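Hi,

Here is the structure I promised to pass on. Have a look at it first, and then read my notes below.

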Amino acid sequence: MPLKTQQAEVPQLNLTPMIDVVFLLIIFFMVATKFAEVERDIDIELPEVAAAAPLTAAPKQRVVSVQADGQLLLDSEETTLTRLTDSLKVAQQEYPQLSVVIRGDASCAFQHVAAALAACKDANISELGITVKLAQAVAITTR
C-alpha cells in the first residue's frame with residue numbers, strides 16, 4: 001500500500017471579485033460627487049413669497065438664567081436686558097407658543113429676576129415658568 005507523501009494544497013482566498021466591487025464603488029462615488037457639484041453650479045433664481053413661516057416644530061423652551069451678580073444668560077449666552085427682550089420678541093414672532101423658563105440664582109436680588117420677567121412680558125411671552133429647587137427635608141433622628 002503506497003503512502004501519501006504529498007500534502008493537500010493550502011486553500012487560497014480569491015480577492016478578484018472583492019477588488020472588482022471596490023473599484024465599482026469608487027467609480028460610483030466619483031460620478032455621484034460630480035453630479036453634486038454640477039447641481040450647486042446651476043444658477044437658479046428662487047421664488048419669492050410674501051410671508052414665510054417656519055416648517056419645523058417650535059423649539060424647546062428658552063432658558064433665561066439670572067446669575068448671582070445679576071448677569072443675564074439666554075440659553076447659556078451672555079446678554080443684556082435689552083438684547084434679551086429683542087431676542088425673545090424675535091423668537092416669539094417665529095413661534096407664538098414659545099415658552100421661557102427663568103432660572104434665578106437664590107442669592108441674586110429679586111430685582112434682577114423681576115427685570116427678566118418684565119422682559120418676557122414685553123416680548124409677549126405667554127408660556128412662562130420659574131425653576132426652583134425643592135429644599136431637602138431635615139432628617140430628624142431620635143435616640
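**What I found**

The chain has 3 helices and 5 strands, where helices (H or I, at least four residues) and strands (E, at least two) are DSSP runs numbered from the N terminus. Please keep in mind that this is a predicted model, in which local features need pLDDT of at least 70 and side-chain atom pairs count only at pLDDT 80 or more, while totals for chains, interfaces and linings use all residues. Residues are numbered from 1 along each chain as its sequence is written, and side-chain values use heavy atoms, with hydrogens and water left out.

Along the sequence, the elements come in the pattern α-β-β-β-α-β-α-β. Of the 143 residues in the chain, 19% are buried (buried means under 20% relative accessible area, exposed over 50%, partly exposed in between, with a 1.4 Å probe and protein chains only).

**The sheet**

The strands make an open sheet of 5 in the order β3-β2-β1-β4-β5, with mixed pairing; two strands count as paired if DSSP finds at least two bridges between them. β3 and β5 (127–130) are at the edges with a single partner strand each, so one side of each has no neighbour in the sheet. From one strand to the next, the twist averages 25° (axes are lines fitted to C-alpha atoms, for helices over the stretch in contact, and angles run from 0 to 180 degrees between N-to-C directions).

β1 is mostly covered, with 4 of its 5 residues buried. β1 pairs with strand β4 (residues 99–104) in the parallel sense over 5 bridges, and S65 stands opposite R103 in β4. With β2, β1 pairs in the antiparallel sense over 3 bridges, and here V66 stands opposite L72 in β2. β1 and β2 form a hairpin with 5 residues between them, and G70 in the turn has a positive phi of about 90°. G70 also lies 8.6 Å from Q111, C-alpha to C-alpha, although the two are 41 residues apart in sequence. Q111 belongs to helix α3 (residues 110–122) and is exposed, at 57% relative accessibility. Further along, β2 and β3 pair in the antiparallel sense over 3 bridges, with L73 opposite E78 in β3.

**The salt bridge**

How many salt bridges does the structure hold? There is 1, counting a side-chain nitrogen of Lys or Arg within 4 Å of a carboxyl oxygen of Asp or Glu. The side chains of R62 and D75 form it, at 2.5 Å, N to O. R62 lies in strand β1 (residues 62–66) and D75 in the loop between β2 (72–74) and β3 (77–79), so the pair ties together parts that are 13 residues apart in sequence. D75 is partly exposed, with a relative accessible area of 33%.

**The helix α1 end**

The UniProt annotation "transmembrane region", from an unreviewed entry, covers residues 12–32; UniProt positions are in the numbering used here, feature names are shortened, and annotations may be inferred rather than shown by experiment. Over residues 12–32 the chain is 81% helix and 0% strand, with the end C-alpha atoms 35 Å apart.

L13, L15, M18, I19, V22, F23, I26 and M30 form a nonpolar surface patch with about 810 Å² of accessible area together. Patch residues have over 30% relative accessible area and no salt bridge, with like charges joined within 9 Å and nonpolar side chains (Val, Leu, Ile, Met, Phe, Trp, Tyr) within 5 Å; areas come from the Shrake-Rupley method with a 1.4 Å probe, and for residues only the protein chains shown count as cover. I26 sits in helix α1 (residues 16–41) and is partly exposed, with a relative accessible area of 40%.

Best wishes
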